[in-house]
Structure formats: structure tokens, C-alpha cells
There are 2 protein chains.
Amino acid sequence: MNIGIITVGDEILIGQIVNSNAAWMAAQVTSIGGRVIEHASIGDVASELVDTVNRLRGRCDALLLTGGLGPTHDDITKDVLTSYFDDVLVEDVATTQRLQAWMQRRNRTLTERNARQAWLPSTCTALANPIGTAPGMLFERDGLFLVSMPGVPDEMRCIMTNDVLPRLTVRIDAEERPTWAYRTVYTTGIAESDLADMVGDTTSFLLGSSLAFLPNYLGVRLRVGACGLTLEERTAELDRVEGILRDRAGRFIYGSGDITLASAVGAALLERNATLAVAESCTGGMLAAAITDVPGSSAWFPGGVLAYANEVKVRELGVDVTVLAAVGAVSEDVAKAMAHGVRQRYGTTYGIGITGVAGPGGGTPDKPVGTVWIGLATPDGVHATRYAFGGDRRMNRERSVGAALGMLLKVLR
Amino acid sequence: MNIGIITVGDEILIGQIVNSNAAWMAAQVTSIGGRVIEHASIGDVASELVDTVNRLRGRCDALLLTGGLGPTHDDITKDVLTSYFDDVLVEDVATTQRLQAWMQRRNRTLTERNARQAWLPSTCTALANPIGTAPGMLFERDGLFLVSMPGVPDEMRCIMTNDVLPRLTVRIDAEERPTWAYRTVYTTGIAESDLADMVGDTTSFLLGSSLAFLPNYLGVRLRVGACGLTLEERTAELDRVEGILRDRAGRFIYGSGDITLASAVGAALLERNATLAVAESCTGGMLAAAITDVPGSSAWFPGGVLAYANEVKVRELGVDVTVLAAVGAVSEDVAKAMAHGVRQRYGTTYGIGITGVAGPGGGTPDKPVGTVWIGLATPDGVHATRYAFGGDRRMNRERSVGAALGMLLKVLR
């Protein structure tokens with residue numbers, strides 16, 4: 001089943017917000033065996049919506065639209081689709097009742113503006129929106145499955161999960177055709193081209209499966225794709241290719257499937273019955289946020305110290321105030337003292353301390369923006385590494401998180 | 001100048017990664033007066049790339065492509081464009097020299113695979129990539145400006161900033177045509193439809209300018225668009241419309257332009273010479289990460305405690321262990337004690353404490369997943385609010401951060 005994703009709204013088009021909806025929808029439909037062939041983002045312009053639907057329906061069995069369903073004048077999707085399908089708006093009584101109950105629970109009355117959201121094209125199926133006011137709409141015409149959903153991510157996710165994915169699953173399964181499945185194999189500590197040389201000629205072992213190299217600041221990800229009629233077939237083929245990759249580049253692979261660098265660290269810590277505490281200065285909570293993004297991280301992560309100010313580094317972590325004055329906060333000594341201090345105070349197996357110049361201000365000739373020291377305290381002692389990222393604030397902070405987790409993972413493997 | 005953005009790569013298409021490149025490029029070209037009319041994401045398929053370029057070049061003056069320029073077999077963009085423009089690959093000696101120096105600095109030799117990245121279509125202009133191996137390529141044909149850049153976000157941003165945006169600025173300025181500018185006005189504490197009713201009939205004051213309502217979990221954003229020949233004209237018109245919005249809904253507006261909820265909180269704290277410390281349990285660093293995302297936040301944020309484990313709440317924040325045992329960690333008493341404890345310990349004007357059930361596990365009938373207590377300690381005392389978000393882990397954590405900042409901002413205004 002070929003699927004097209006259409007996002008309507010100037011906020012995406014002008015870059016005011018990132019199109020996370022398209023990625024989420026694509027991952028969901030891919031996981032049930034759908035094949036996404038294009039994402040198109042267009043503005044709040046009726047003719048462009050009509051042109052895009054016309055163009056993509058020729059190549060797709062299903063179109064997933066988000067955006068333009070709100071109660072205000074800039075929301076055009078419902079009217080455009082009503083006219084596109086030669087339909088008229090009628091009141092959907094079930095939706096009106098749901099809206100009235102929704103407002104009542106919030107001690108608000110149903111305004112005329114919101115009441116209009118219950119008027120839907122007569123031939124669509126209303127898809128209930130349990131957490132917002134705009135329902136989704138499903139149109140089924142001549143083999144085309146077209147869904148229009150609100151652009152608010154949580155509302156779209158509810159409607160997809162409750163109504164759209166179950167219906168698409170039934171259709172995809174009924175096709176009884178081979179579908180693609182994907183798995184990501186994660187590496188760290190090796191450049192893309194060196195990894196490609198290490199993996200070598202792929203035609204000899206891929207045999208119709210696919211392999212892509214995806215570098216980012218955490219390392220190079222290998223995406224394996226396999227096609228098969230059943231889940232078992234696809235899984236067996238993914239296992240086979242992953243096995244060959246592990247034979248050829250295993251020492252750089254830290255995991256595969258639904259993992260992150262933080263969850264790989266967590267799994268390695270759990271295996272050793274070990275724990276971790278963190279002391280963050282320039283990353284200011286981002287390392288802990290990545291760690292606690294892992295469900296169950298409380299088993300190996302009690303917490304730590306947000307040591308943004310120097311006096312916090314001294315008071316909470318025992319950094320020597322004379323050392324701090326002599327060598328500065330962004331230094332090997334302070335990174336090591338932070339890692340050691342948080343490990344002692346929190347009684348954990350490992351401690352990480354991060355201190356750096358994230359930018360845009362604060363750089364000096366000796367320590368330009370992007371200079372980051374990361375300390376790692378282990379049962380065997382404390383060491384620290386200097387990094388020179390030298391990008392913007394966001395990039396320096398993200399890379400520091402990746403580098404810190406990478407340092408610990410290296411010790412754990 | 002109409003601009004199209006084309007993203008090449010299965011990783012976007014199947015939702016493995018979010019297309020943050022398109023949003024960043026769109027925001028940049030919009031800020032210099034370009035008009036983005038579509039983002040298209042397609043797979044690593046030659047015919048689809050050719051079709052998309054052909055389709056969009058009819059409507060666009062400039063096309064910005066990212067992805068598919070790496071050194072591995074799945075990177076097809078360079079070959080497709082070479083053939084599309086009836087060109088041949090020739091060695092770009094400057095790029096070879098840069099690659100050799102790049103490898104030398106890293107104590108690596110230039111492999112054949114990487115050396116091939118210096119072979120470029122003979123008629124393109126090579127755009128140097130200072131932080132990676134794949135150069136950008138600029139093709140100028142019959143009025144079309146087509147740039148192909150690597151998909152690694154930091155590399156694309158470098159090439160855009162150094163080479164692409166300056167050239168586009170010259171072209172857009174030379175057109176001497178009216179262009180659009182945008183500004184976002186931020187509200188919190190009011191629903192989209194109520195805000196729309198409060199703003200009232202927009203045709204009477206927009207007069208050709210535009211207004212869009214964009215709800216998310218932090219509040220409703222109002223995006224104002226204004227068209228004009230000069231920056232001064234556009235700014236004056238944006239000021240005029242923002243003034244009317246503030247007249248009509250000012251008490252729900254907390255700022256406009258390049259701000260976030262955290263930076264608005266920071267500005268309000270600075271104005272009062274006040275400071276903030278945080279104690280985070282279920283958000284595990286996300287609140288501090290949002291705060292320290294604001295450059296200069298060290299002036300009002302010394303840090304805080306990552307109190308993920310209960311023993312940390314007791315030891316570091318002075319939460320009463322018998323209270324904790326009696327009412328549980330997710331409770332009014334513990335949220336208040338965390339806020340009070342971190343304010344005392346860090347000597348700040350305000351303290352925030354967050355404790356909740358983020359999910360997926362840990363929910364009970366009394367305290368289902370999504371139950372979050374947020375405590376706020378001020379010079380006048382401590383209070384706490386219970387929230388029932390009830391979504392997934394990510395959503396519960398993000399909404400907690402937004403609610404905490406909103407609570408503080410309300411007290412500060």
C-alpha cells in the first residue's frame with residue numbers, strides 16, 4: 001500500500017515549526033507495512049491542496065492529511081475537501097454532543113464558532129477526537145482512503161492510534177503482498193566512509209534487502225530494510241543482515257532496533273547492577289533529560305546536580321574554590337571534580353561531570369565557544385576528555401550529551 | 001522569489017528522523033524575504049528526484065535540496081543531478097586539497113571512497129563544506145537557482161549560512177518587490193476559539209496582512225504576516241497589527257518575536273532582579289534544559305536538583321520521609337516540599353518542584369499516568385497545582401515543563 005502524507009499550514013512552510021507530525025505518521029504506517037512515497041507540505045491555499053491531492057492520489061492508495069481543521073478563518077481544509085468531493089456540510093449530532101460534554105467538563109459553553117466544528121461533509125466518516133474539538137474525517141472513494149486530521153500533534157496521534165492505524169492494518173493485511181520492514185543498527189566511534197569500507201561490498205550479501213548509512217553527531221546508523229510476506233520472514237531477513245554487519249563491524253555496534261544511546265547505557269548499567277549520577281553545567285539538564293527519557297531509568301539513575309553557577313559546583317559538588325579560580329570552570333580539573341563529587345554524593349557506581357562554553361557568549365582565545373570538558377568518575381578513578389565542537393549553542397549542548405554517553409558506554413563495553 | 005525545498009532520503013520518508021532541515025532552511029529564507037511554497041520529501045529514487053525537480057522548477061525561482069550526497073552507495077543525488085543537467089563529473093582540485101587537509105588533521109588518509117567526493121559536475125559551483133566531506137553544489141540554469149547540500153544538519157547549516165543565504169539575499173534585494181515578513185505573538189491561558197472571539201472580526205484591521213492561530217501545549221500563538229517593499233514598512237505594519245492584538249487580548253499575551261516561554265520567564269525575572277532554582281523528578285532535567293536553552297540564563301538560574309529517586313528528594317531537598325511514605329512521591333505535599341527545599345538550598349527568589357507519573361508504568365487508579373503535581377515557592381509562600389495530562393511519556397513531560405513555566409510567569413506578571 002502506497003501512502004502519501006500531506007501537511008497543510010503556513011507555520012510548517014515558513015519554518016515556524018518542525019514537521020514532527022509527518023515523521024510520526026510515517027514511522028507508524030511503515031511499522032504496519034505501509035510504504036510512504038512522499039511527504040508534501042503546502043500552505044493554507046485551496047488550489048495547492050486540491051493540486052496536491054490530485055497529484056498524489058494517482059500514486060497512492062492512502063493519503064494522510066494534517067492541519068487546517070481549527071475553528072479560525074485560516075483553517076481551510078474542511079471547506080476545500082467538502083468542495084473537492086462535491087459534498088455538503090451537515091451536522092454530525094454525535095460530534096455536537098461530544099463537543100457539548102467537552103465544554104461542560106471545562107465549565108465553558110459551546111460557542112457558535114466551536115459548534116461549527118460538528119458540521120462535517122455528509123459522506124465522510126467522523127473520527128472522534130477525544131482530546132480536542134476538531135474531529136478527523138475519513139473519505140473513501142474509488143479505492144482511495146483519505147483522512148484529514150487536526151495538526152495539533154497529540155490530537156493527530158490519538159485519531160491515528162484509535163481509528164486510522166487499525167483500518168489501514170486491515171487493508172494492508174488483506175492485500176497479502178510482501179511489505180518492507182526496517183531496523184536500525186547503531187554504531188559509534190567510526191566515520192561513515194571507514195564503516196562503509198569495513199562493511200565492504202554489499203551486493204554479495206544484501207540480495208534484495210537494503211542498507212543505508214546515516215551519520216549524525218552520535219555516530220553512524222545503519223538502516224537495514226527487508227521485504228517479505230510475513231512478519232517472521234521479514235524478521236529473519238533483518239536478523240541475517242544484522243548478523244553480517246556485526247561480523248564485519250561488531251566492535252563499533254552498540255545496539256539495534258528501538259534504542260537510543262541513553263537506553264544502551266542503561267541496559268549496560270543494569271547488566272552490571274551499576275548506577276549513574278550526573279553533574280551538568282553547560283548542558284544544563286539535557287543529559288539527564290536524555291537519560292530519563294528512557295522508561296525505567298529510575299532503576300539505574302537516582303539523579304544529580306544542575307550545577308549551572310560556579311557556587312553550586314563548589315557547594316554541592318565539592319569543587320575546590322581555589323582550583324576553580326586558578327584554572328576556570330571550563331577545565332579538566334573542574335570536570336573531574338564535578339564527576340567525582342556527584343558520584344560520591346549520590347553513592348553511584350559512575351559519575352559524569354560536564355562543563356563547557358556552549359555559546360554564543362563566553363568564548364576566549366584559550367577556550368573558544370564549543371570547548372567542553374567531560375569528566376567520568378568510575379570505581380577505578382576519574383578521567384576527563386576535552387572536546388572542541390565549535391558550533392552553535394544547540395549543537396554544542398547536543399554533542400556534549402552524545403559525547404558523555406559515548407564515553408560511559410565505552411567504559412561499560 | 002518563490003522557493004521550493006526538496007529533501008531526499010528514505011530516513012525522512014519512513015519517519016526514522018524528523019525533517020528539521022526543511023524547517024531551518026524555510027525559516028532562514030523567509031527571514032530574508034523569500035517565499036517558500038512547498039516542502040517535498042522523497043525517497044532515494046532517481047526518477048522521483050527528477051520528477052520533483054521538474055515539477056517545482058516550474059513554480060519556483062530557487063530549489064534547495066538536501067540529502068543523498070554521502071560517500072556510500074545509497075547516496076544518489078550527485079549522479080542524478082549530473083545526468084539531469086547533461087553534465088559530467090570532473091575533479092575539483094580545491095575540494096581534493098581541502099579533503100586531504102581535512103583527513104590529515106584527523107590523522108587519516110584520503111580513501112578512494114572519500115576522494116570521489118571531490119568529483120563534481122563540471123558546470124556547478126562547489127560550495128565548501130568546512131565541517132564535513134561532501135561539498136555543496138550550486139547549479140544556475142535559465143534563471144533557476146538550484147543548490148544541493150548534504151543532509152547532515154550542521155553541514156547544511158554551514159553551507160547555507162556561508163554561501164547560499166548571501167547569494168539569495170542579493171537576488172531577492174535586486175528584485176525590488178514587496179516581500180512578506182512574519183512575527184509570532186505568544187499567548188497562554190486561553191483557548192483558541194475564545195481567543196478568536198476576543199480578537200473579533202479580523203478583516204476590519206488586517207487590511208491585506210495575515211493572521212493565523214497556532215495552538216500547542218504551551219498556549220496559542222498568533223502569527224502575523226505583513227507585506228512591504230522595505231524592512232521598515234514591514235516592521236511598521238507588524239507593529240500596528242501586534243498593537244491591535246495587544247489592545248484586544250493583551251492580558252493573555254506574554255511576548256512576541258524570537259522568544260520562548262522560558263526566555264519570557266527569564267526576562268520577567270531579570271526585570272525584578274529575581275532568581276529561580278528547580279527540583280525535577282518526572283521531567284528529569286527537561287525544565288532545566290528549556291531554561292538553559294536561553295543564552296544568558298546564568299544571570300537568573302544558578303541550577304537545581306535532579307531528584308529522580310525518592311532518597312534524593314529526602315536528602316537534597318529536605319522532603320519529610322514520613323510524609324513521603326504516607327502520601328507518596330506524586331502528591332501536593334511533596335511538590336511543595338521540593339519547591340520550598342530547592343529555593344532554600346539555592347537561595348533563590350523562586351523555586352519550582354515537579355513530581356508526577358510520566359508513564360508508561362507507575363500509574364494507579366488514584367494517580368493515573370499523566371498525574372503531575374507542580375509546586376511553586378515564592379517569597380510569599382508555597383502553593384502547588386495538580387495536572388491531569390494523561391498522554392504518553394513524552395507529552396506528559398513536555399506539558400509539565402510548559403505548565404511549570406506558565407505558573408511562574410503568571411506570578412511574575
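Mentor: Let us begin with B:R272, which lies in the loop between helix 11 (261–271) and strand 13 of chain B. Helices (H or I, at least four residues) and strands (E, at least two) are DSSP runs, numbered from the N terminus. Residues are numbered from 1 along each chain as its sequence is written, while chains are lettered from A and ligands numbered from 1 in the order in which they are written. The model is predicted: local features need pLDDT of at least 70, side-chain atom pairs count only at pLDDT 80 or more, and totals for chains, interfaces and linings use all residues.

Trainee: Does B:R272 count as buried or exposed?

Mentor: A residue is buried if 20 or more other C-beta atoms, placed from the backbone, lie within 10 Å of its own, exposed if 12 or fewer, and partly exposed in between. B:R272 has 11 C-beta neighbours inside 10 Å, and therefore counts as exposed. Its C-alpha atom is 9.9 Å from that of B:T349, although 77 residues separate the two along the chain.

Trainee: How is chain A built as a whole?

Mentor: Chain A contains 16 helices and 17 strands, and its C-alpha trace spans about 75 × 60 × 40 Å along the principal axes. Of its 413 residues, 48% are buried. Domain bounds come from an automatic or database domain assignment; for chain A, this gives domain 1 (2–175), domain 2 (179–256) and domain 3 (261–412). Between the C-alpha centres of domain 1 and domain 3 of chain A there are 44 Å.

Trainee: Which strands pair with strand 1 of chain A?

Mentor: Two strands pair if DSSP finds at least two bridges between them. Strand 1 of chain A runs parallel to strand 2 of chain A, with seven bridges between them; A:T7 is opposite A:S41 there. Strand 1 of chain A also pairs in the parallel sense with strand 3 (residues 62–66) of chain A, over five bridges, and in that strand A:L65 is the bridge partner of A:I6. Because six of the seven residues of strand 1 (residues 2–8) of chain A are buried, this strand is largely enclosed by the rest of the structure.

Trainee: How are the two chains related to each other?

Trainee: Where do strands join the two chains?

Mentor: Strand 2 (residues 35–42) of chain A and strand 2 (residues 35–42) of chain B run antiparallel and are joined by four bridges. At one of these positions, A:A40 has B:A40 as its bridge partner. There is also an open sheet of 10 strands with mixed pairing, in the order 17(A)-16(A)-15(A)-13(A)-14(A)-14(B)-13(B)-15(B)-16(B)-17(B). Its edge strands are strand 17 (381–388) of chain A and strand 17 (381–388) of chain B, each of which pairs on one side only.

Trainee: What can be said of a sheet within chain B?

Mentor: In chain B, an open sheet of four strands has the order 10-11-9-12, with antiparallel pairing. Strand 10 (210–216) and strand 12 (253–256) of chain B stand at the edges with a single partner strand each, so one side of each is left without a neighbour in the sheet. Seven bridges pair strand 10 of chain B with strand 11 (residues 219–228) of chain B in the antiparallel sense, and B:L211 stands opposite B:V224.
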